[in-house]
Amino acid sequence: MTVTAPSDSLHPTVPGAHLLEVEDLSVEFRTEYGTVRAVNELSYHLDRGETLAILGESGSGKSVSAQAIMGIIDTPPGFITSGEIRYQGRDILQMPKEEQRAMRGAEIAIVFQDALSALNPVFTVGAQIAEMFRVHRGTSKKEAMVHAGELMDKVRIPSAKDRLKDYPHQFSGGMRQRVMMAMALALDPKILIADEPTTALDVTVQAQIMDLLLELQADNGMGLILITHDLGVVGEVADRVAVMYAGRIVETGGINEVFGNPGHPYTVGLMNSVPRVDQRGMRLSPIVGAPPNLADIPPGCSFHPRCPRAEVRCREERPLLREVVLGRRSACHFAEEVLDV
Amino acid sequence: MGRYIARRLLLTIPVLLGSTFLIFAMVYALPGDPIAALVGDRRISPSVVAELKDRYNLNDPLHVQYAKYLGGLVQGDLGTDFSGRSVAGTVKERFPVTLKLAIVAIVFEAVIGLIAGILSGIRKGSFFDNLVLVSTIFVVSIPVFVLGFLAQLSLGLKLGLFPISGISEGWYSYLLPGFVLATLSIAYVARLTRTSLVENLRNDYVRTAKAKGLPPRTVIGKHTMRNSLIPVVTFLGADFGALLSGAIVTEGIFNLPGLGRTVYQAVLSGEGAVTVGIVTLFIFIYIFFNLVVDVLYAALDPRIRYE
C-alpha cells in the first residue's frame, strides 16, 4: 500500500474495523452567491455503544455532516464531493438508492433539534411512529399502532396509549422530543445521531431527555453521535469529542483529556467562553470575531483571524490534524505549546 | 364545532338584511321608469300604468317598499317580475344552468390547476415550471370576454368542436364556457399549489420524512402534499361559491340561460324583485361557502379548532 497525499484522515484503519467510518468527507452547497464549503475532508469513526460528541458553533458543518450520513442532503444545491461513509465496512455513498433508503431510519436514525417543526403537523404522532414499521417492515396498520404505543411507553410518555391519536401541537416540547426519539428508535437502529436534541428545551427538560437518551443507548448498545454546541452536555455524556471549525475537525480525543487540557486555541477559546461556578465574578472571555463565511474560508489555518497566538505561518500553511499525544489529535502548528498552557 | 356553525349561520341573518336593503335601495335609485321600459314603444293608457305601478308598490317610498318586500320574504314569497312570473320560479329554472357551469369550471380548476401546480412545484426551475409560470401570467392578463370570444371563434366556429351558444347539448354545451370561466382560477390554483408545495418542501418535517427512509413518493405525495393542499382546497371552496354567484359575462357570451344573465337583464329592465332576489341568493351562497371553507380548514388542519 502506498502512502497517499496527506489528509486529515483520522484513523487510517482497516475498513470495517469500526461501526461507522467517515473518511475525507467533503460537502459543498453551490448557490447563486458562490460555493459554500460546509464540510471539508472530515474523518471520524464511531464504535458500538460509544458516544461521540461533535462540538462546534453554528455553521461549523456539524449538522451538514450528519445529514450527509443520513443521505438527506438535497442535491442540488448540496453535493458530496469526496469521501466515504462506511457503515459496517460498506460505503453508503456507493450503495444503490433503494438500499440507502432502506437503511435510513432502520440502521441509522436521527433526532432533530426542533421536534415541533420536525414532526408533521397534520398526522397523529401514533401514525408518524407507526409509519416506520409500515414502510420498513410492511406491518399492518393495527399492529404498527400497537408497536407505536409500546415505543411511546418506552420513552416514558405518560398514558402513551391514549395519546397515540394526538397531534404534535398537543404535546409539550419535551414530550415532542420523546416522540421524535420513539420514532428514531422504532427499528432498533445501530447508530443514532442526535442533532442538538435538547437545544430547544427548558434546562430541566434537557436533563431528562439526555438521561433518557443515554439510558436507551445503554439498552440496545447503539453508537451515539451527539451534535451540540453545549459544552456542559458534552462533558457529562460523551466518551470522545471532535471539535469542528469551518467544516473541519480541529481537535479530537477523549473527553476528559480534551476538556482537561485542550490542544487547540479554538477549544481553549470555547472553554473560556463558558461561565463557570468556580470563577464567579470573573469576566467571560469570548472568542473575538465571527466564524468565517464558508463561501470564503481564510487560507492557511481557517481559525487564524481569530486566534490569539496566530503567526505568519498560520496564514500561509494549513495545519494538518496530527497526533500530538497518544490518542489525541489537533490541527494547530503550535499544538504542543497550547497543551502546555 | 356544531355551536360554531350555528353561530355563523345566525350571523348571516343581519348580513342578508343589510345587503338586501342596500341592493333594494340601489335598484330604487336606478334612473328610468321600469314600467316605461316594460311597455316600450307601445301606447298604453295611463290607467294601466297606474294600475301596474300600484301592483308593484312603485308609488310607495323606499322604506315602505322594502318593508312590503321583507313581509313577503318571511312568508317565502320572493315576489314576481313585471310579467307576473314568480321570482322563485325563475330561480328554480335558471339555477341548474349556473350550477352546472360552476361544477364544470371547478373541475377544470381542480384538475388542470392542481396537476400543473404540483408538477411545476416538484420540478422547480425546470422547463415545465417556467412554461406554467409564463402561461399563467398570460392567462391572467387576458380579460374573460376576450378569451370567451376567442374560444368561441376558434374552437367553436372554426373547428366546430364545441357548441358556441345555448345548452341544447347537455353537459357538453358547458365544456367551453366552463373552461373559459375557469381559466383565471386555473392559473391561480396552479400558482398557489406550486408556491405552497415549494414552501412546504423546505419544511423540517420533509427532512424528517426522508430521514425515516420513506420512499420519495410518500415524502411528497403524503407528507408534503397533505400540508400543501390546505390553502388550495380552501381556495377552491371559496371559488366555487364565487362561481355560483354570477358568471354574468360568460353566461352572456355563451348565451346560457343561467342566473348571471337573468340578473343582468333584470338590472337593465329595472326588475327590482328579480334583482334583489337573485343577488340576495348570491350573497347567501357566498357566505355559505365561506363557512364551508372554514369548516374544511379545521378538518384539514388539526391545529385549527373553533370554539
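Trainee: At what angle do H9(B) and H10(B) pack, and how far apart are their axes?

Mentor: They pack at about 145 degrees, and their axes lie 10 Å apart. Each axis is a line fitted to C-alpha atoms, for helices over the stretch in contact, and angles run from 0 to 180 degrees between N-to-C directions. One caution: this is a predicted model, in which local features need pLDDT of at least 70 and side-chain atom pairs count only at pLDDT 80 or more, while totals for chains, interfaces and linings use all residues. As for labels, residues are numbered from 1 along each chain as its sequence is written, and chains are lettered from A and ligands numbered from 1 in the order in which they are written.

Trainee: What makes H9(B) and H10(B) helices, and which residues do they cover?

Mentor: Helices are DSSP runs of H or I with at least four residues, strands are E runs of at least two, and both are numbered from the N terminus. H9(B) is 204-211 and H10(B) is 216-244, so both pass.

Trainee: Which residues meet between H9(B) and H10(B)?

Mentor: Tyr205(B), Val206(B), Ala209(B) and Lys210(B) in H9(B) meet Val219(B), His223(B) and Thr224(B) in H10(B). We call that contact because C-beta atoms, placed from the backbone, lie within 7 Å.

Trainee: How many of those residues fall in each class?

Mentor: There are 4 nonpolar, 2 polar and 1 charged. Ala, Val, Leu, Ile, Met, Phe, Trp, Tyr, Cys and Pro count as nonpolar, Asp, Glu, Lys and Arg as charged, and the others, Gly among them, as polar.

Trainee: How many strands does chain B have?

Mentor: Chain B has 13 helices and 0 strands. Of its 307 residues, 36% count as buried, that is, with 20 or more other C-beta atoms within 10 Å of their own.

Trainee: Where does chain B touch chain A, and how many residues take part?

Mentor: 18 residues of chain B are in contact with 23 residues of chain A. H9(B) and H10(B) each supply at least two residues of that side of chain B, and H9(B) gives the largest share, 6 residues.

Trainee: Why are S3(A) and S8(A) called a parallel pair?

Mentor: Strands pair if DSSP finds at least two bridges between them. S3(A), residues 51-55, and S8(A), residues 223-228, have 5 bridges and run in the parallel sense, so they qualify. Thr51(A), for one, has Leu224(A) as its bridge partner.

Trainee: Why do S6(A) and S11(A) count as edge strands?

Mentor: The open sheet has 8 strands in the order S6-S7-S8-S3-S9-S10-S12-S11 in chain A, with mixed pairing. S6(A) and S11(A) each have a single partner strand, so one side of each lacks a neighbour in the sheet. The twist averages 25 degrees from one strand to the next.

Trainee: What makes a nonpolar core, and how many residues has the largest one?

Mentor: A nonpolar core is a set of buried Ala, Val, Leu, Ile, Met, Phe, Trp, Tyr and Cys residues joined through C-beta atoms within 7 Å. The largest has 157 residues, and Met180(A) is one of those with the most contacts inside it. Helix H8 of chain B, residues 172-201, gives the largest share, 13 residues. Beyond its neighbours within four places in sequence, Met180(A) contacts residues including Val111(A) and Phe112(A).

How values were computed: Contact = placed C-beta atoms within 7 Å. Buried ≥ 20, exposed ≤ 12 C-beta atoms within 10 Å, placed from the backbone.
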